[in-house]
Amino acid sequence: MSNTPMAASPLTRAVLEIDEYASGLGWDQPARLFALVDTARLRAQEPGLAAQLGLQDEPETTGLTPIEQDEIPADKPLDEFLGTIAWPDAVVGCALTVERLMLPPSAEASVPEGLSDKKLAKWVAEHPDRQEVRMTVGVLRDGTRDSALRLREKDTPTEVLTGASLVPGLAEALSATFAD
């Protein structure tokens, strides 16, 4: 895609491609799960699917192709859903994009104790320093990780933060989908 730097690793490019795709859909979207497959292998083994995805004219470089999976059930907590996933061998990695409200570390000391999950979510949603953020996290079978964060208030392609350890809990949960 146009905003993915060619010097970046294949995983970084895939994460940024997914972030750009999610950005095009707008905000207030459900979480989306993607399988990551080796583009060259996909072209060789599934030429029809590769053509359908517009990959037949891609350069012969190493890369990853994100393939969106079925919708994530809204009635099931994300961590429980991820615990039910098993990927076939052709999938070399996976990625997830999800929107959340975040508070700055300075707000942590003011969190009231003893709140239920529902009341805590309400408290965060009403906090004046809350930020809406879209997190896109990708992991490979070999443990490689990358992520992209986009704040709603700074929603431009040049304001996307990337890094391997930005969302460690989500990266761990995605990595667990590859555990034997």
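Q: Where does Glu126 lie?
A: Glu126 lies in helix 5, which covers residues 117-126. Keep in mind that this is a predicted model.

Q: OK. Is Glu126 buried or exposed?
A: Exposed. Its relative accessible area is 54%, and the cut-off for exposed is over 50%.

Q: Which side chain does the side chain of Glu126 make a polar contact with?
A: The side chain of Lys122. The contact is 2.7 Å.

Q: How much space lies in the largest cavity?
A: About 50 Å³.

Q: Which residues line the largest cavity?
A: Ala22, Gly26, Gln29, Pro30, Arg32, Thr97, Val98, Glu99 and Arg134.

Q: Let's pick Thr97 from the lining list. Where is Thr97 found?
A: Thr97 is found in strand 3.

Q: Buried or exposed, that Thr97?
A: Buried. Its relative accessible area is 3%, and buried means under 20%.

Q: What does the side chain of Thr97 reach?
A: The backbone oxygen of Met135, at 3.5 Å.

Q: Arg134 was on the lining list too. Where does its charged end sit?
A: Over the ring of Trp27. The charged end of Arg134 is 4.1 Å from the centre of that ring.

Q: Speaking of rings, how many aromatic pairs does the structure hold?
A: There are 2 aromatic pairs. One of them is formed by Tyr21 and Phe34, and it is edge-to-face.

Q: What are the numbers for Tyr21 and Phe34?
A: The rings are 6.0 Å apart, centre to centre, with 90° between the planes.

Q: Which parts does that pair tie together?
A: Tyr21 lies in helix 1 (residues 10-25) and Phe34 in strand 1 (residues 32-38). So the pair ties together parts that are 13 residues apart in sequence.

Q: Now Trp87 and Phe178. Why is that pair called stacked?
A: The ring centres are 6.2 Å apart and the planes are at 25°. Planes under 30 degrees apart count as stacked, so this pair is stacked.

Q: Are Trp87 and Phe178 buried or exposed?
A: Both are buried.

Q: You mentioned the loop between helix 4 and strand 3. Where does Gly83 lie?
A: Gly83 lies in that loop, between helix 4 and strand 3. Gly83 is exposed, with a relative accessible area of 63%.

Q: How far apart in space are Gly83 and Gln45?
A: They are 29 Å apart, C-alpha to C-alpha. In sequence, Gly83 and Gln45 are 38 residues apart.

Q: Switching to Thr65. Where is it found?
A: Thr65 is found in strand 2, residues 64-68. Thr65 is buried, with a relative accessible area of 6%.

Q: What does the side chain of Thr65 make a polar contact with?
A: The side chain of Thr39, at 2.7 Å.

Q: And Glu71, where is that found?
A: In the loop between strand 2 and helix 4. Glu71 counts as exposed, at 68% relative accessibility.

Q: What separates the C-alpha atoms of Glu71 and Pro47?
A: A distance of 25 Å. Glu71 and Pro47 are 24 residues apart along the chain.

Q: Last one. What is the phi of Asp28?
A: It is positive, about 65°, although Asp28 is not a glycine. Asp28 lies in the loop between helix 1 and strand 1. Asp28 counts as exposed, at 55% relative accessibility.

Methods
Residues are numbered from 1 along each chain as its sequence is written. This is a predicted model: local features need pLDDT of at least 70, side-chain atom pairs count only at pLDDT 80 or more; totals for chains, interfaces and linings use all residues. Side-chain values use heavy atoms; hydrogens and water are left out. On a 1 Å grid over the protein atoms alone, a cavity is a set of points where a 1.4 Å probe fits but cannot get out, and a pocket is an open set with protein on both sides within 12 Å along at least five of seven lines; lining residues have an atom within 4 Å of a point. Grid points are joined across faces, edges and corners, and a volume is the space filled by probe spheres set on the points. Rings of Phe, Tyr and Trp (its six-membered ring) pair if their centres lie within 6.5 Å; planes under 30 degrees apart count as stacked, over 60 as edge-to-face and the rest as tilted. Helices (H or I, at least four residues) and strands (E, at least two) are DSSP runs, numbered from the N terminus. Buried means under 20% relative accessible area, exposed over 50%, partly exposed in between (1.4 Å probe, protein chains only). A charge sits over a ring if NZ of Lys or CZ of Arg is within 6 Å of the ring centre and within 35 degrees of the ring normal. A polar contact is a pair of N or O atoms within 3.5 Å; within protein, one must be able to donate a hydrogen and the other to accept it, and residues adjacent in sequence count only if both atoms are side-chain atoms.
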